[in-house]
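Me: I have a chain open and would like to go through its fold with you. Could you take my questions one at a time?

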Amino acid sequence: MELAEPLEYVCVQCRRHEAVDDALVSTCRQCGDEMRNVDLVTD
Ligand SMILES: [Zn+2]
């Protein structure tokens, strides 16, 4: 049994946060800019 752990992404432009359970989301639904995993955002 495998638990899919939701990943939290944050938009580099508008800072919108979104939790997704797959790695396919990389575009912000709000402004269309790039979203990155919060664990990789260092600022
Ligand atoms: Zn955005």
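Me: Which residue stands opposite Met35 in β3?
Reply: Cys11 stands opposite Met35 in β3. Please note that this is a predicted model, in which local features need pLDDT of at least 70, side-chain atom pairs count only at pLDDT 80 or more, and totals for chains, interfaces and linings use all residues. Residues are numbered from 1 along each chain as its sequence is written.

Me: How many bridges join β1 to β3?
Reply: Three bridges join β1 to strand β3, which covers residues 35–37, and the two run antiparallel. Two strands are said to pair if DSSP finds at least two bridges between them. Strands here are DSSP runs of E with at least two residues, helices are runs of H or I with at least four, and both are numbered from the N terminus.

Me: And what joins β1 to β2?
Reply: Four bridges join β1 (residues 7–11) to β2 (residues 17–20), again in an antiparallel arrangement. Glu8 stands opposite Ala19 in β2, and Val10 has His17 as its bridge partner in that strand.

Me: What is the strand order in the sheet?
Reply: The sheet is open and has three strands in the order β2-β1-β3, with antiparallel pairing. Its edge strands are β2 and β3, each of which pairs on one side only. On average, neighbouring strands are turned by 35° against each other, direction ignored; the axes are lines fitted to C-alpha atoms, for helices over the stretch in contact, and angles run from 0 to 180 degrees between N-to-C directions.

Me: How many helices are there in the chain?
Reply: The chain has zero helices and three strands. Along the sequence, the pattern reads β-β-β.

Me: Turning to the hairpin, how many residues lie between β1 and β2?
Reply: Five residues lie between the two strands of the hairpin, and Arg15 in the turn has a positive phi of about 65°.

Me: Is Arg15 buried or exposed?
Reply: Arg15 is exposed, because 11 other C-beta atoms lie within 10 Å. The cut-offs are 20 or more such atoms within 10 Å for buried and 12 or fewer for exposed, with partly exposed in between; C-beta atoms are placed from the backbone. The C-alpha atoms of Arg15 and Cys31 are separated by 10.0 Å, with the residues 16 apart along the chain.

Me: What percentage of the chain counts as buried?
Reply: Of its 43 residues, 7% count as buried.
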